[in-house]
Amino acid sequence: MGPLSSKADSTWRGVGRPGRGELLISEIFGPTLQGEGPSAGKSAAFVRLGACNLACVWCDTSYTWDSSRYDLASELVAKPTAEVADKALSFGVPLVVITGGEPALQAVEAARLAEAVTRSGSAVELETSGSLPLGPLADAVRLIVVSPKLANAGGRPQARLRWPVLEAISVLPHSVLKFVVASPEELAEVDEITSRLQTKPERVWIMPEGTERETVLARMAELTGPVASRGWSLSSRLQVIMWGNDRGR
Ligand code: SF4
């Protein structure tokens, strides 16, 4: 377990970077189920990385990046990548999800983590906002779930929708798009983005925004018709339905 470097920059939103050969970790947990997206319901372990370049207003993992609300020195820890891989594999599950925060901030070491996990026989799924290049991480994982942020996330469009990055990721055959949506009206934004990216409907997932069971279920009911009519898939948030907004499950 190494100390955090004092070196910080604006992309990391003031969070100190880990040292060489380390990953900045928020939490590693399992066995649990992947609650969202194409792998929903699958047995999985999670590696949640610290720091994010965005600041979505509805972020349910702001403890990974928001120094105004959390003591990040106690929330985040730098660990050797090999140790992280061993811990993720110790749960004995067939799928390891690398999420955040924004994993692309640590693309090189996250790629090493993914390669180590893959060598040991588990699949790796990456969750990213698609606002930063993935570098070697793109080829190191089996599935990339890209979640471009809509206006409901707040922030500047230029920061959350970086078109060259999104275009480069979305053409990869092992990538899908997953949008967090609060109401059917917001699907017009998804129409625009998927049209510009020329994404086939079978590679689009819509997931309701919400950290309470009732909100998730109500929004899923509202979204079902318009999502199905477009040929897209509707994602639940199984972890919210089962455990509310509990961490580490
Ligand atoms: S990109 Fe993800 S982790 Fe970062 S602020 Fe948005 S929801 Fe939170």
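Guide: Let us start with accessibility: a residue is buried under 20% relative accessible area, exposed over 50% and partly exposed in between, using a 1.4 Å probe and protein chains only. Before we apply that, note that this is a predicted model, where local features need pLDDT of at least 70, side-chain atom pairs count only at pLDDT 80 or more, and totals for chains, interfaces and linings use all residues. Residues are numbered from 1 along each chain as its sequence is written, and side-chain values use heavy atoms, leaving out hydrogens and water.

Visitor: Is aspartate 86 buried or exposed?

Guide: Aspartate 86 counts as exposed, because its relative accessibility is 54%. Its place is in helix H2, residues 81-89; helices (H or I, at least four residues) and strands (E, at least two) are DSSP runs, numbered from the N terminus.

Visitor: Now the ligand: which residues surround it?

Guide: A residue is near a molecule if one of its heavy atoms lies within 4 Å of it. Here the ligand is surrounded by Cys52, Leu54, Ala55, Cys56, Trp58, Cys59, Thr61, Trp65, Gly101 and Lys149. For classes, Ala, Val, Leu, Ile, Met, Phe, Trp, Tyr, Cys and Pro count as nonpolar, Asp, Glu, Lys and Arg as charged, and the others, Gly among them, as polar. The shell around the ligand then divides into seven nonpolar, two polar and one charged.

Visitor: Which space is taken by the ligand?

Guide: On a 1 Å grid over the protein atoms alone, a pocket is an open set of points with protein on both sides within 12 Å along at least five of seven lines, and lining residues have an atom within 4 Å of a point. A molecule sits in a pocket if more than half of its atoms lie within 2 Å of its grid points. In this model, the ligand takes the space of the largest pocket.

Visitor: What volume does the largest pocket have?

Guide: A volume is the space filled by probe spheres set on the points, which are joined across faces, edges and corners. The largest pocket has a volume of about 750 Å³. Its lining has 42 residues, and Arg48, Asp60, Thr61, Thr99 and Gly100 lie nearest its centre. Two or more lining residues come from each of strand E1 (22-33), strand E2 (43-49), strand E5 (123-128), strand E7 (175-181) and helix H9 (238-243). By class, that lining has 17 nonpolar, 13 polar and 12 charged residues.

Visitor: How many residues line the second largest pocket?

Guide: There are 13, with Gly19, Glu22, Gln106, Val108 and Glu109 nearest the centre. The second largest pocket holds about 240 Å³ of space. Helix H3 (residues 107-119) gives the largest share of its lining, four residues. The classes here are five nonpolar, three polar and five charged.

Visitor: How many disulfides does the count give?

Guide: A disulfide is a covalent bond between the sulfur atoms of two cysteines. The rule asks for a pair of cysteine sulfur atoms within 2.5 Å, and by it the count comes to zero. Cysteine 52 counts as buried because its relative accessibility is 10%, and cysteine 56 is buried at 13%.

Visitor: Which peptide bond is cis, with omega near -15 degrees?

Guide: The bond from glycine 30 to proline 31, and proline 31 lies in strand E1. The bond from glycine 100 to glycine 101 is also cis, with omega near 10 degrees. Glycine 101 is in the loop between strand E4 (95-99) and H3.

Visitor: Where is alanine 51 found?

Guide: Alanine 51 is in the loop between E2 and helix H1 (72-75). Its phi is near 80 degrees, a positive value in a residue other than glycine. Alanine 51 is buried, because its relative accessible area is 0%. Glutamine 198, not a glycine either, has a positive phi of about 55 degrees. Glutamine 198 is in the loop between helix H7 (187-197) and strand E8 (204-208), and it is exposed, with a relative accessible area of 70%.

How values were computed:
On a 1 Å grid over the protein atoms alone, a cavity is a set of points where a 1.4 Å probe fits but cannot get out, and a pocket is an open set with protein on both sides within 12 Å along at least five of seven lines; lining residues have an atom within 4 Å of a point.
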